[in-house]
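Please open the structure in your viewer and keep the selection panel at hand.

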Amino acid sequence: MTNSTMHFQELIEKTSDADLLRHMIEFAANRLMALDVDNICGADHGVRDPDRLNQRNGYRERGWDTRAGTVGLQIPKLRKGSYFPDFLAPRRTAEKALTAVIQEAYIQGISTRSVDDLVKAMGMSGISKSQVSRLCEDIDVRVKDFLSRPLEGDWPYLWLDATYIKVRRDGRIVSVAAIIAVAVNTQGRREVVGMTTGASEAEPFWTDFLRKLKRRGLNGVQLVISDAHEGLKAAISKVFDATWQRCRVHFMRNALAHAGKRHREMVAASIRTAFTQEDHESAVKQWRQIADSLRPRFKGVAECMDKAEQDVLAFMTFPKEHWQKIHSTNSIERLNKEVKRRTRVVGIFPNDEAIIRLVGAILLEQNDEWAVCRRYMTLETLPKISHHDNEPTMIAAQ
């Protein structure tokens, strides 16, 4: 048994339950720093090695405020250069949320084996419900304020999409839809404007979500970009007086399913010629020509094109400068991929609140990053939106 393991066992035996978590964090943090510095030096502490790159030069004391209390750290000093542990950098909101969700899943006994291993690796096996509650409180307040904030001004473009996450409900594991809404305002700024969870993507669920967005101030919507969910399309028609753009990428996948694998590349190339036209009228003409040319060999593709013509080409009635960004849900799907990557760590969430905590924190961080980035659309092109001809695919609010 190593000395570090013996010291850890002695620590547990001598420490009261109230202080156990704080001492575990202190022990783990100091141990991590020691291993980190050994790595930097190229040799273990006190070991003579001709390949050693650096040497220790004592320690400096530092207090580290955690939710378990103040932890005393001994940060190693080096003879050449300096050392500062990464974990002392302020943790991002999403990382705190992930820790909180993992802890909650663990103490409720419903986590997966991978989460159990992660909890043990993080030294959190001594956590209690009260400690998790304190950790969650600050995150939940920030996420709630973010997702319920008033929306000011007009938001001409709105993207909607859903990703599915597993959660425990009434002793069963079910998939729920995590709905994300992103919009661009008249200043060209892109923001996450909403997020919620639900059991399905049925019309009542979407309608309720969109009406809440409108009550918060989501006005001036002229184009809604989404996948072709009938429930969503019906909800859009009830809530917004706007044009609907069917995601071009999703349409291509659906259309190509009607062509054999050998011919899909050729069929896709033919359809794309419509998107390279200079205006909506030319695109419609090309679209119909392509559909007719494919009809003899690929009847299913042609019929798919006939039904989707107005919806897929709707973006071309808007300013050309925006076409690349409004023809599909690609921008929001990249965000969904990040959400999936982060939620995969948890596996099965203990409840819907945990999903909103983690996903909401991820969206909050992304929104903050967008706020300091350049505008998603230039100010010079935005006034053109009010002059576009959106008659072909207008969905009137009921």
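Begin by selecting Cys373, which is partly exposed because its relative accessibility is 40% (buried means under 20% relative accessible area, exposed over 50%, partly exposed in between, with a 1.4 Å probe and protein chains only). Select Cys41 next: with a relative accessible area of 1%, Cys41 is buried. Across the whole structure, the search finds zero disulfides, a disulfide being a pair of cysteine sulfur atoms within 2.5 Å.

The model is predicted: local features need pLDDT of at least 70, side-chain atom pairs count only at pLDDT 80 or more, and totals for chains, interfaces and linings use all residues. Residues are numbered from 1 along each chain as its sequence is written, and side-chain values use heavy atoms, with hydrogens and water left out.

Turn now to the aromatic rings. Rings of Phe, Tyr and Trp (its six-membered ring) pair if their centres lie within 6.5 Å; planes under 30 degrees apart count as stacked, over 60 as edge-to-face and the rest as tilted. The count is nine aromatic pairs. Select Phe251 and Trp287: their ring centres are 5.4 Å apart and their planes are at 40°, so the pair is tilted. This pair links distant parts of the chain, 36 residues apart, with Phe251 in helix H8 (residues 248–256) and Trp287 in helix H10 (residues 280–294). Helices are DSSP runs (H or I, at least four residues), numbered from the N terminus. Both Phe251 and Trp287 are buried.

Finally, select Tyr376. Which residue lies over the face of Tyr376, at 3.9 Å from the ring centre? That residue is Arg190. The charged end of Lys325 also sits over the ring of Tyr376, 4.5 Å from its centre. A charge sits over a ring if NZ of Lys or CZ of Arg is within 6 Å of the ring centre and within 35 degrees of the ring normal.

Conventions: Helices (H or I, at least four residues) and strands (E, at least two) are DSSP runs, numbered from the N terminus.
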